[in-house]
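The following exercises concern one protein model.

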Amino acid sequence: MIRLACSKLVLLVVVGSALAAHAWADGETLPGRDPKQPVDESYTEKIHKYTTQPVFTSPLVDYLPASNKVPTPQVVLGDVAGAPGILPYAEDVYRYMRLLEKATPRVKVYSIGKTEEGREMIAVAVSSEENLKNLEENRARLAKLADPRTIKLDDAEADKLVAEAVPIYYITGTIHSPETGAPTALMELAYRLAVDESPYIREIRDGTITLITPVVEVDGRDRMVDVYKWHLAHPKQFYPWLVYWGKYVAHDNNRDAMGVTLKLTENVLNTYVNWKAQVLHDLHESVPYLYDNTIGDEPYNAWIDPILADEWQIIGWNNVSAMTKFGMPGVFAHGDFDTWSPGYLMFIAALHNGISRLYETFGNGGADTEERTLEPEQYARTWYRQNPPLPKVLWSQRDNNNYEETGLLTSLHFFTENKQRFLKNFYLKAKRSTMKPSEEGPAAYVLPGDDPRPGLQAEVLRALQRQAVEISRARSAFAVTLPAKKAKEPAKGKDQREEKSDPPAPTTREFPAGSYIIRMDQPYSRIADALLDHQYWSPDDPQKTPYDDTGWTFGELFHVQVTRVTDPRVLEVAMDRVTEIHAPGGVKGEGTLFAINNNAEPALATLRYKFKDAAIEAAEEPFESAGKKFNRGSFLVRNLSRSDLDRAAGELGVQVIALSAPPAVKTHPVRAARIAFVHTWLSTQTEGWWRMALDKLAIPYDYMSTQAIAKLSDLRSKYDVVLFPPVGYNAGVNAVVNGIPTAWGNPLPWKNAPETPNLVGKNDSTDDLRPGLGWQGVAHLQEFVERGGVLLTATDTSSLALSLGFADGISLQNANKMKIVGSVVGTRLVDEASPIAYGYDEGVAAYCDNGPIFSLSSIAGQRGRRRLGPQMHARPTGRGSVDDPDFAVGRPGAAAPEEPKSEIWESPPVSAEQRRNGFRVIPASLRARVIFRYADTKDLLVSGLVEGGDEIAEHPAVVDAPSGKGHLVLFSINPVYRGETWGTYAMVLSAILNFDNLNAGRKDAAP
Ligand SMILES: [Zn+2]
């Protein structure tokens, strides 16, 4: 028999006695090792050595059972899981999982896809030999429960399946790369589940299939391990921060479960859906010591089944209860995480009839053992955290692994004990989703077959398809009844009798053949409903700090028509399931000149870049030709073979009309502008979504840092457009221009070296992350614009450009009460003749996250107006009513000159007084041109939270400021965000393509 070292025995006794002091429920299996199974003595000894306090472990993980055929993680790690100084690369983790697969029939490894940079993602199934042998039969049972239509919603049949099925609990690790502990914890967990013969673990193994993706963000994991290795190689130096995780985004990789634009989301979603898993449990590390944020805080997402809300409570509280009994401090649920946004990876389960779960454990961002000091609010005892974390501790990666594994094992055990309940719930949630049309509505969403933006419509439908939503198409035209709109309150002061005449009546809406129908009588109706419906977050909500975006309505953000239909007749329309969504495209008509209507669809830009040598012009006015109407900005294409264009247009879903004669309309060239894409070294995430959008659209650009801009003189000869997308983090003048201080510390390199082979990937590199744009870089950007370039900025980089004085006559106003937290807002088109507005009609919904408030002025150096408090120029106290003139006794009245009026988004008219020696008056042709403005206060909210919206309502949302020979194009909205804002992409793309003709259509253009 293997015996424990003496000192360790003492420790075990302490834990063991603490456990024995309280009773577990009657008949419940006690956690803890099987005394008959030998323990791996040296491994166990190291577990104890690396655990910094006895209370930081549990009887589930304070030993490792021995096996004479199954290797422990030590064979790959060289030490135990959670050992100091050891962080395995993803491939090391995979190597271990495959060793397990070889050594025991209780483990199987599946490849589930690749990342953007080509690294493999895996899922590891651990269960009894029998369960893994019968995977396919089991999958068939689960598939029936997942889609109750297959058993005709027969509850008795479901009960039979529930009794026979083995449920699947899916665990995902280290999606957030600096949260490093999960891979080793999951290696050891897999070993325990495969090897341990204690009744507690055996029950899990026999009753459940545990599915594990040990590394979700594989590209980011390998970079993080590189950084950690650099740190180990330079122990006395500061180490670089993880400026890139995945190819495109960092922390936002856990905000992609709506758009499913990243490979990791797609791979996990497909695994979850194909395995018909009941749980998706995602592991994070940012809160001491184990925060089960599944229960979270209100508001809960409005589209989840209430059965799920109950499951969160049941599992979450059991989890806290079990670990509390082990005496482990700092285990709690609730906290400040709200469950509103469905963007988190775990929410794949929440809106596909499963159970979403998330842990925050405590990590050191690496494998060093360190003294950690908490903030008072972190160690305070609260009603939901009766045994809070300690104010100051020595903390190790092993401590972290103990918590992660203990939490998971108690959850797996509780889940297994109650598997019939959870499987039945899984079925019930699917059944209730399928019965949605009759039980709660709506019956369907309809996307009309004659939407002017079929390409964008295809994008939104493909997003739904990635969510495994079924889509159908109507064979013929049909009509549905839409409910009466609630009457708006009559305007004050008007004759109310007239307005009251008829109560609003239901209306009939006709849809043409080919309209898309998303039926709500399908198992995954809830995700479709959640994405297509509107959101409302009340300013009075007790939750004052929304955790993430508050609005996301896909139809609005994709600029696509979506109708919510409650009329059940829509389900009787003759329709066919569609498996492939493709917008119609190709060339029609006769002629060698090709016209493409501009409806602000991004595919036009793709086409421009695809055929670099074609002569393409944009019509500056709408026109009619070949019996068709063309919008302003429509393309006229010459010098291109019909067959080439036909093929490309077919692929891109672009409809081209061949014309026999050129239309009589003013045009200008549309060029494939040379783009420099600028990023900072502070953060690359928010710009990453812009990179992803350009890559998807096959629009080439040179990617460079602010440091590169500082070194690049004569930017203008190399580039036409500089895109400087949002930084998203601490992007003030000081941070962007000066960077991180270099007066002390050491250079922080971001480059590939022997100990950092994975850092750079396909992105950028530098010898030192710290220096910023510098004043030289500022000068280069300014010169670039002066010499005819277009500098395009959004949100924080717009604020930066204005703070740096890049444009006159535009000022930034402070927000006082405004709170727009990741919301969908209304905009209105102000200048339809601007190329930036090509293809848009009167307004489009946009994404706004407390965007900067722009105000225009006609006077150089003067701040613009804003509408706050009482109206300016109200009449003074005197005779008469409010609209009357005052009078002065003893003299005739003097008529006051009419006050010039202007709208809030406009540059105010210049007064006669201002014109006296008016050297500050900006000539009309040099003033900023407002292309889009924010909607009026009452129309500003489209989806989400808008509080104090009057501070930004009607202010400019997109501005084109001429400067020298070039332009500064400033966005207050973020037009390119998380793959969800396709409807506003064309604003950016049109600014790029028309970079040298942005003054087209300008009413006050210089003579
Ligand atoms: Zn995290």
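**Exercise 1.** State where Tyr289 lies, and describe the peptide bond that joins Pro288 and Tyr289.

*Solution.* Step 1. Tyr289 is placed in the loop between strand 5 and strand 6; helices (H or I, at least four residues) and strands (E, at least two) are DSSP runs, numbered from the N terminus. The model is a predicted one, in which local features need pLDDT of at least 70 and side-chain atom pairs count only at pLDDT 80 or more, while totals for chains, interfaces and linings use all residues. Residues are numbered from 1 along each chain as its sequence is written, and side-chain values use heavy atoms, with hydrogens and water left out.

Step 1. The bond between Pro288 and Tyr289 is cis, with omega about -25°. Another cis peptide bond joins Glu298 and Pro299, where omega is about -5°; Pro299 belongs to strand 7. In general, most peptide bonds are trans.

**Exercise 2.** Determine how the rings of Phe56 and Tyr289 are arranged, and which parts of the chain they tie together.

*Solution.* Step 1. Rings of Phe, Tyr and Trp (its six-membered ring) pair if their centres lie within 6.5 Å; planes under 30 degrees apart count as stacked, over 60 as edge-to-face and the rest as tilted. By this rule there are 34 aromatic pairs.

Step 1. The ring centres of Phe56 and Tyr289 are 5.4 Å apart and the planes meet at 65°, so this pair is edge-to-face.

Step 2. Because Phe56 is in the loop between helix 2 (41-50) and helix 3 (74-77), and Tyr289 in the loop between strand 5 (279-284) and strand 6 (290-292), the pair ties together parts 233 residues apart in sequence.

Step 3. Buried means under 20% relative accessible area, exposed over 50%, and partly exposed in between (1.4 Å probe, protein chains only). Phe56 has 0% relative accessibility and therefore counts as buried; Tyr289, at 0%, also counts as buried.

Step 4. Phe56 and Tyr289 form one aromatic cluster with Phe362, Trp395 and Tyr403.

**Exercise 3.** Identify the protein donors of the zinc ion and classify the site.

*Solution.* Step 1. Donors are N, O and S atoms within 2.8 Å of the metal (3.2 Å for Na, K and Ca); water is not among the atoms, so sites may look incomplete. The protein donors are His176 (ND1), Glu179 (OE), Glu179 (OE) and His284 (ND1), at 2.1 to 2.5 Å from the zinc ion.

Step 1. Four donors count as tetrahedral if all angles lie between 85 and 135 degrees; four count as square planar and six as octahedral if opposite donors are over 155 degrees apart and all others between 65 and 115; anything else is irregular. The angles among the four donor atoms run from 55 to 151°, and the site is irregular.

Step 2. Along the chain, the donors follow the spacing H-x2-E-x104-H. Glu179, in the loop between strand 3 (168-172) and helix 8 (182-195), and His284, in strand 5, are 105 residues apart. Both Glu179 and His284 are buried.

**Exercise 4.** Is Asn353 buried or exposed, and what is its phi?

*Solution.* Step 1. Asn353 is in the loop between helix 13 (347-350) and strand 10 (355-361).

Step 1. Its relative accessible area is 5%, so Asn353 is buried.

Step 2. Phi of Asn353 is near 65°, a positive value in a residue other than glycine. Most residues other than glycine have a negative phi.
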